[in-house]
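Thanks for coming. Please have the sequence and the model open while I talk.

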Amino acid sequence: MAKICLKGSAMLNPVPSVLITSKNKKDKVNVFTVGWIGTACTHPPMITVAIRPERLSYEYIKETMEFTVNIPTASMAKKVDFCGVKSGRNVDKIKEMNFKLVNGVNIKSPMLDECPIALECKVASITPLGTHHLFLAEVVSVHIDESIIDSNGKFHLERADLLCYSHGEYYNLSSKPLGSFGFSVKKKNKKSH
């Protein structure tokens with residue numbers, strides 16, 4: 001497979017496309033879109049989020065040291081895009097997108113009712129990197145829509161029709177897995193003759 005070598009770039013794609021809500025100390029709420037988000041640790045559960053300091057949500061999160069990650073569905077792609085290109089300094093995105101806010105349980109930042117999954121997070125550290133600052137945050141609680149949990153308590157995220165972002169475009173995830181963790185080394189069942 002022939003490859004072209006380019007200068008260094010943050011070319012890790014696809015990525016989740018999420019809506020982050022935050023509330024400042026004056027109880028003003030903002031929402032914005034983030035694609036640069038990832039898992040950092042299992043115990044304690046930690047995630048990373050890269051945010052530009054000029055973003056309004058950066059101010060809110062730095063002030064309160066908490067935020068909520070709302071994981072949207074593919075049907076919300078237009079709203080997700082709007083919240084990524086419009087500034088909360090000029091537009092009330094929550095009102096404009098008709099989002100219904102639900103109070104957080106362990107933090108003051110609200111959740112978006114329209115999203116099937118929400119992670120309440122408390123910031124552990126902020127590291128300036130350059131154009132973005134890296135927020136390391138502990139996930140203090142997860143809220144998941146009952147409709148994507150089966151009677152055995154297994155999560156079926158494929159039922160949620162989640163959204164991802166890849167190099168400037170939005171995609172939905174396939175509901176058909178290519179395999180499950182460990183399938184490459186799983187022993188095949190011997191059929192009796």
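How many bridges pair strand E9 with strand E10, and in which sense do the two strands run? They pair over 11 bridges, in the antiparallel sense. E9 covers residues 117–128 and E10 covers residues 133–144. To find your place in that pair, look for Ala118, which stands opposite His143 in E10. Keep in mind that this is a predicted model.

Now the sheet as a whole. Seven strands make up an open sheet, and the pairing is antiparallel. Reading across, the order is E3-E2-E6-E9-E10-E5-E4. At the edges are strand E3, residues 29–34, and strand E4, residues 37–41. Each of these has a single partner strand, so one side of each has no neighbour in the sheet. From one strand to the next, the twist averages 35°.

Next, a helix. Helix H2, residues 77–85, lies across strand E2 (18–23) and E3. The angle between H2 and E3 is about 105°.

Let me stay with E3 and take two of its residues. Thr33 is found in this strand. Is Thr33 buried or exposed? Its relative accessible area is 14%, which is under the 20% cut-off, so Thr33 counts as buried. The side chain of Thr33 reaches the backbone oxygen of Val80 at 2.4 Å. Beyond its neighbours within four places in sequence, Thr33 is in contact with Ser17, Val18, Leu19, Val80, Cys83 and Gly84.

The other residue is Asn30, which also lies in E3. Asn30 is buried too, at 5% relative accessibility. Which side chain does the side chain of Asn30 join in a polar contact of 2.9 Å? That of Ser57. Again setting aside neighbours within four places in sequence, the contacts of Asn30 include Ile20, Thr21, Leu56, Tyr60, Gly88 and Ile94.

Last item, the cysteines. A disulfide is a covalent bond between the sulfur atoms of two cysteines. How many disulfides are counted here? With the sulfur atoms required to be within 2.5 Å, the count is zero. Take Cys164 as a case: the nearest cysteine sulfur belongs to Cys115 and is 15 Å away, and Cys164 is in no disulfide. Cys164 is buried, at 8% relative accessibility. Cys5, by contrast, is exposed, with a relative accessible area of 77%.

Note on methods. Residues numbered from 1 in each chain as written. Predicted model: local features only at pLDDT ≥ 70, side-chain atom pairs only at ≥ 80, totals over all residues. Heavy atoms only, no water. Buried < 20%, exposed > 50% of the residue type's maximum accessible area, 1.4 Å probe, protein only. Pairing = 2+ DSSP bridges. Helix = DSSP H or I, 4+ residues; strand = E, 2+ residues; numbered from the N terminus. Axes fitted to C-alpha atoms, helices over the stretch in contact; angles between N-to-C directions. Contact = heavy atoms within 4.5 Å. Polar contact = N/O pair within 3.5 Å; in protein donor to acceptor, adjacent residues only side chain to side chain.
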